[in-house]
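My notes follow the display.

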Amino acid sequence: MTEQLLDELFLTLAPQIAGRDSATARPGLVEGHLFAPEHPLWGTLVSVKRGGSHLFLRYAFPTSKLA
């Protein structure tokens, strides 16, 4: 069940690779709802900031498309 509460996403990109294997449970960004490929949810890039080697990305999402 989607609550239509996502309107912004703040995403930090760091220069570190962290993988997953079948023995380690690590949550993903979205769980319990499949958007793509039938209903992809596209955001609009609002801002980009840099701090050292990190990128701080801010995306806006239209809440009406989460139904």
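The model is predicted: local features need pLDDT of at least 70, side-chain atom pairs count only at pLDDT 80 or more, and totals for chains, interfaces and linings use all residues. Residues are numbered from 1 along each chain as its sequence is written, and side-chain values use heavy atoms, without hydrogens and water.

I noted 0 helices and 3 strands. Strands are DSSP runs (E, at least two residues), and helices are H or I runs of at least four, numbered from the N terminus. Two strands pair if DSSP finds at least two bridges between them. Strand 1 pairs with strand 3 (residues 54–60) over 6 bridges, in the antiparallel sense. Leu13 stands opposite Leu55 in strand 3.

**Burial**

I checked how much is buried (under 20% relative accessible area; exposed is over 50%, partly exposed in between; 1.4 Å probe, protein chains only). Buried residues make up 9% of the 67 residues. Val48 is in strand 2. Val48 counts as partly exposed because its relative accessible area is 45%.

**Contacts**

I took contact as heavy atoms within 4.5 Å. Of the contacts with a separation of 6 or more, 57% join residues 24 or more positions apart.
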